[in-house]
Amino acid sequence: MRTSFLNGEEKNTDNYIMLCEKWRKIYRDLEHDVLERQFGLECDEEARYITYFHEKYRLDKESGMLTLVSDPDRELGFHTVMTIYHLFYYSKPEARVSGEFVPFRQVKRAAPFDGAFRRNILEPLAKAFDGQAEALRRACIALGGEAVSQGDVGYRILAFDCMPLVVVFWDGDEEFPAQANILFDGDITDFLHEETVVCVAADLFRRLVEEAGLSDVKRPFA
């Protein structure tokens with residue numbers, strides 16, 4: 001089983017490893033009984049488990065190490081590691097979804113990052129699936145998505161059981177280029193730091209590309 005972080009393709013890998021180790025130690029010292037009740041975590045004698053974008057992750061009780069259950073030796077991406085640890089650290093005890101979905105610019109305190117979010121997430125997402133609407137639809141279904149009546153392709157997808165997102169895609173034509181949007185619950189920052197919301201979107205992009213089999217698409221922020 002893997003005992004260190006991270007994916008070697010990440011930029012600034014040494015800094016990322018240091019941050020992942022920092023947050024592993026922070027997670028290890030949290031009140032885990034409280035977290036188990038708050039998130040309804042599956043547990044056994046050695047680990048706790050959480051599902052993130054339709055994949056099950058293991059958190060070792062002694063070390064706090066995070067691994068993918070289906071492939072324990074796989075090195076995880078920085079966004080995934082940060083998002084899971086941050087969920088447990090930043091979630092307010094009373095955190096609940098609002099049921100209202102908003103674009104990234106309307107997420108609390110996220111507006112300053114909107115330009116970068118469009119350049120690094122939404123525009124590449126639209127480009128990746130331009131002319132590939134059916135592949136996107138299949139990928140959304142593979143992630144357990146539920147269809148919504150928005151765009152040419154629209155699906156509600158769970159990041160975590162407590163964190164629904166909506167991905168909306170309009171395919172390109174002779175007049176307009178393909179466009180994409182990701183909508184977040186209005187109270188997502190009761191669960192995560194606003195900057196970590198970008199990590200969630202980056203992981204959604206990655207998982208959609210993986211499930212669609214688009215191996216030549218560059219990952220966001222890679």
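Predicted model: local features only at pLDDT ≥ 70, side-chain atom pairs only at ≥ 80, totals over all residues.

I begin with strand 2, residues 47-52, where five of the six residues are buried, so strand 2 is largely enclosed by the rest of the structure. Buried here means under 20% relative accessible area, with exposed meaning over 50% and partly exposed in between, for a 1.4 Å probe and protein chains only. Helices (H or I, at least four residues) and strands (E, at least two) are DSSP runs, numbered from the N terminus.

Residues are numbered from 1 along each chain as its sequence is written, and side-chain values use heavy atoms, leaving out hydrogens and water.

Let us stay with strand 2 and ask what pairs with it. Two strands pair if DSSP finds at least two bridges between them. Strand 1, residues 42-43, runs antiparallel to strand 2 and is joined to it by two bridges. Glu-42 has Tyr-49 of strand 2 as its bridge partner, and a hairpin of three residues links strand 1 to strand 2. Strand 3, residues 55-60, also pairs with strand 2 in the antiparallel sense, here over six bridges. Within that pairing, Thr-51 has Lys-56 in strand 3 as its bridge partner.

The turn between strand 2 and strand 3 deserves attention. These strands form a hairpin with two residues between them. Most residues other than glycine have a negative phi. Phe-53, which is in the loop between strand 2 and strand 3, has a phi near 50°, a positive value in a residue other than glycine. Is Phe-53 buried or exposed? Phe-53 is buried, with a relative accessible area of 1%. His-54 has its place in that loop between strand 2 and strand 3, and its phi is positive, about 70°, although it is not a glycine.

I turn now to the sheet further along the chain. Strands of a sheet pair through backbone hydrogen bonds, either parallel or antiparallel. In this model, an open sheet of five strands has the order 5-9-8-7-6, with antiparallel pairing. Its edge strands are strand 5 (101-103) and strand 6 (146-147), each pairing on one side only.

Strand 6 is joined to strand 7 by two bridges, and the two run antiparallel. Ala-147 stands opposite Tyr-155 of strand 7. The hairpin formed by strand 6 and strand 7 has five residues between them, and Gly-151 in the turn has a positive phi of about 70°. Six of the eight residues of strand 7 are buried, so strand 7 is largely enclosed by the rest of the structure.

Next comes the pairing of strand 7 (residues 153-160) with strand 8 (residues 163-170), which run antiparallel and are joined by seven bridges. Val-153 has Phe-169 in strand 8 as its bridge partner, and Leu-158 stands opposite Pro-164 in strand 8. Two residues lie between strand 7 and strand 8 in their hairpin.

What, then, lies across these strands? Helix 5, residues 133-142, lies across strand 7 and strand 8, at about 30° to strand 7. Axes are lines fitted to C-alpha atoms, for helices over the stretch in contact, and angles run from 0 to 180 degrees between N-to-C directions. Helix 5 also packs against helix 6 at an angle of about 110°, with axes 8 Å apart. That makes helix 5 roughly perpendicular to helix 6, a term used for 65 to 115 degrees, with under 35 roughly parallel, over 145 roughly antiparallel and the rest oblique. Residues of helix 5 including Ala-135, Leu-136 and Cys-140 are among those that meet Leu-208, Glu-211 and Ala-212 in helix 6, where contact means heavy atoms within 4.5 Å.

Helix 4 bends by about 25° at Leu-122, with Pro-124 following within four residues. The bend at a residue is the angle between axes fitted to the seven residues ending there and the seven starting there.
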